[in-house]
Amino acid sequence: MNTPGSTRADDPSFDRYARMVQRYLEVPIALVTLVLEDRQVFTGASGLAEPLATTRETPLSHSFCRYVVDDEAPLIIEDARRDDRLRDNPSIPEHGVIAYAGWPLIDEQGRTVGSLCAMDTEPRGWTREDLDALEDLADACSAELMYRNGKLLAEEQAERDRDMSHRSQALLALSEGLSATRTLDDIARAVEHVAVQNLGCLHAGIWLRQPDPGGADTLRYIAEAANSWSSSARNADLALDGTNPIGETMTSGRPQYFPDCATQNLRYPRADVTTQVGEARAFMPLSLDRVFGTLVLVWPDARDISAEQRITIEALTSYVAQAVQRALLFRDRENASLILQSAMLTRLPTSHGMELTARYQPAAAHDRVGGDWYDAVVMPSGETNLMIGDVAGHDIAAAAVMGELRSMLRAFAWAHDDDGPADNVTRLDRAMAGFGIGRFASLVFARIDPADGTGHRTMHWTNAGHFPPLLVQPDGNPELLGDGDTVDVVLGVGYEGRRHDRTTTLPAGSTLLLYTDGLIERRGESIDIGLARLREAAGRHHELRPDAFLDAVVEDLVGDVHEDDVAVLAVRFG
């Protein structure tokens, strides 16, 4: 078994490679592993639990990496428990290693001495993008390992290694720059910064395909806010054809390198060069399963772009393509989520003597869709049912459960119009158990009687682990209904006890406010502070009409930035 040159058991530089693998492949554990004669050493690590985070080594009996070294080839395992060589490895029960992807690390003598690996605690099918990223990082990590060992003899090899080290630095910088990006503008900003700082570029930019169902597709420049590249703005929209280098790069799927702008212009005489800047340039196709754009790099001086530099540029292009694909998928998912949520939210009914209005704001993070909901239904008897609820979770699955609960509660209330809210909520809870809906949910369900001769109304309501309704009296005095009382437990916990109805008088001119936790909860703050803030805002704005009242309260409490979904339903009684 090969023995690598000396290296520290915990090395900050190799730790960075491990962090990059953990971040890009989204795994709990990533390691830079070197295999010795009697053990394996983790010279780079991210995600290790104690005591391994301190000892940084295990016996070879626990090693997956030794097979990478023995075979001198990558080892890609979806489920180690199903692999003949690994099913009895002690790392499976002791450290929870199930899925493994390891890429060989090569030293200066061409020997396989270890692996750069990603580990998951559950079965995983590794994608082509996962393995491409792992291979690129392993190449850079190998270069760093060679550089550390200091055994390069030939000047040509030393120069190659310096180029690889530069490539490593550029890859690390791009990794850091792209790690926090979510939008195309973020990516454009990061790429420009890394290209200028690490590749010596004058400018860098991204053009993406813009589909046109009614005609020919085009290319569109992704401009970040502080863009100072005037010629890119002039050529923001380009034909997707061979009349310009950006369009031809995308249609052909092949990189193009030009030592200076004159060489480029000879090949593309029809291109607009009136605001041309810089000299040497590279045009790189952005592709995963298909080509969807072009990355452009421009240097301030004329130069021949070497083979080693081209390897670095191609690796950077691969990272940019993955980041752009993620941003496009995120944008599409966000749009789909908002459409789904909007479709599920209720169109409020018209009820005599009652003005109903509602607001829903998705969380600033997650899928921008979740389990918060409201509903209002006028019953055949003339009563009005109001509901506000919150299904645990901030994803499409939570929204789907929310839709089920809303529909079932509507059906129970309609079929059992004479029963109180508590009875129908009990039916809903039992139905959740019967249908195997494994989510917790809180809600307030209220039934409003028609007005009596004085204009007052009676509200019968039940609370399943939710925040208390707020009633703002005609004089502006806010009151939390049932505040201090013991509320019934949330739905979905298998509760078999009796739920309770409460009764409240609603004077003419009063306003009822039902809401979810996103309106009042703040990280690290007592819920009492949030409720007090709600009472103060509702009292201050009580004279506004319902729409304006609700907007003012939401603005006071959450503004534009919030960590949780917010659903609010307000009713003004005439």
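Biologist: Which residues are linked with Arg 39 in a network of salt bridges?

Modeller: Let me start by saying that this is a predicted model. A salt bridge here needs a side-chain nitrogen of Lys or Arg within 4 Å of a carboxyl oxygen of Asp or Glu. Arg 39 belongs to a network of such bridges, and its partners there are Asp 38 and Glu 57.

Biologist: Let's look at one of them. Which parts of the chain does the pair of Asp 71 and Arg 85 tie together?

Modeller: These two residues form a salt bridge, with the closest N and O atoms 3.1 Å apart. They are 14 residues apart in sequence, so the pair ties together two separate parts: helix H3 (residues 65-71), which holds Asp 71, and the loop between strand E4 (75-77) and helix H4 (91-95), which holds Arg 85.

Biologist: Is Asp 71 buried, partly exposed or exposed?

Modeller: Buried means under 20% relative accessible area and exposed means over 50%, with partly exposed in between. Arg 85, its salt-bridge partner, has 40% relative accessibility and counts as partly exposed. Asp 71 has a relative accessible area of 42%, so Asp 71 is partly exposed.

Biologist: What separates Arg 128 and Asp 132 along helix H5?

Modeller: The side chains of Arg 128 and Asp 132 meet in a salt bridge of 3.1 Å, N to O. Arg 128 is partly exposed at 47% relative accessibility, and Asp 132 is partly exposed at 28%. Both sit in helix H5 (residues 128-149), four residues apart, so what separates them is about one helical turn.

Biologist: Which helices does the pair of Asp 556 and Arg 540 link?

Modeller: Asp 556 and Arg 540 form a salt bridge whose closest N and O atoms are 2.3 Å apart. Asp 556 counts as partly exposed at 35% relative accessibility, and Arg 540 is partly exposed with a relative accessible area of 43%. The two residues are 16 residues apart, and the pair links distant parts of the chain, namely helix H15 (residues 546-557) and helix H14 (residues 527-540).

Biologist: Which element gives the largest share of the lining of the second largest cavity?

Modeller: Ten residues line this cavity, and Val 191, Leu 199, Leu 295, Leu 297 and Leu 316 lie nearest its centre. Two or more lining residues come from each of helix H7 (184-199), strand E12 (291-298) and helix H11 (307-344). By class, the lining of the second largest cavity has ten nonpolar, no polar and no charged residues. The largest share, four residues, comes from H7.

Biologist: How does the lining of the second largest pocket divide by class?

Modeller: The second largest pocket has a volume of about 350 Å³. It is lined by 22 residues, with Asn 235, Pro 245, Ile 246, Gln 264 and Asp 272 nearest its centre. Helix H8 (230-234), strand E9 (237-239), helix H9 (245-252), strand E11 (281-287) and E12 each supply at least two of the lining residues. By class, the lining divides into twelve nonpolar, seven polar and three charged residues.

Biologist: Is Leu 491 buried or exposed?

Modeller: Leu 491 lies in the loop between strand E19 (478-480) and strand E20 (502-506). Beyond its neighbours within four places in sequence, Leu 491 has contacts including Val 425, Leu 428, Met 432, Phe 440 and Leu 443. Its relative accessible area is 0%, so Leu 491 is buried.

Biologist: To finish, what share of the residues in the protein is buried?

Modeller: The secondary structure comes to 15 helices and 22 strands. The accessible surface is about 25,300 Å², with 49% of it belonging to carbon and sulfur atoms. Among the 574 residues of the protein, the buried share is 52%.

How values were computed: Residues numbered from 1 in each chain as written. Predicted model: local features only at pLDDT ≥ 70, side-chain atom pairs only at ≥ 80, totals over all residues. Heavy atoms only, no water. 1 Å grid on protein atoms, 1.4 Å probe; cavity = no way out; pocket = protein on both sides within 12 Å on 5 of 7 lines; lining within 4 Å. Nonpolar A, V, L, I, M, F, W, Y, C, P; charged D, E, K, R; others polar. Buried < 20%, exposed > 50% of the residue type's maximum accessible area, 1.4 Å probe, protein only. Areas by Shrake-Rupley, 256 points an atom, 1.4 Å probe, with all protein chains shown as cover. Points joined across faces, edges and corners; volume = space filled by probe spheres on them. Contact = heavy atoms within 4.5 Å.
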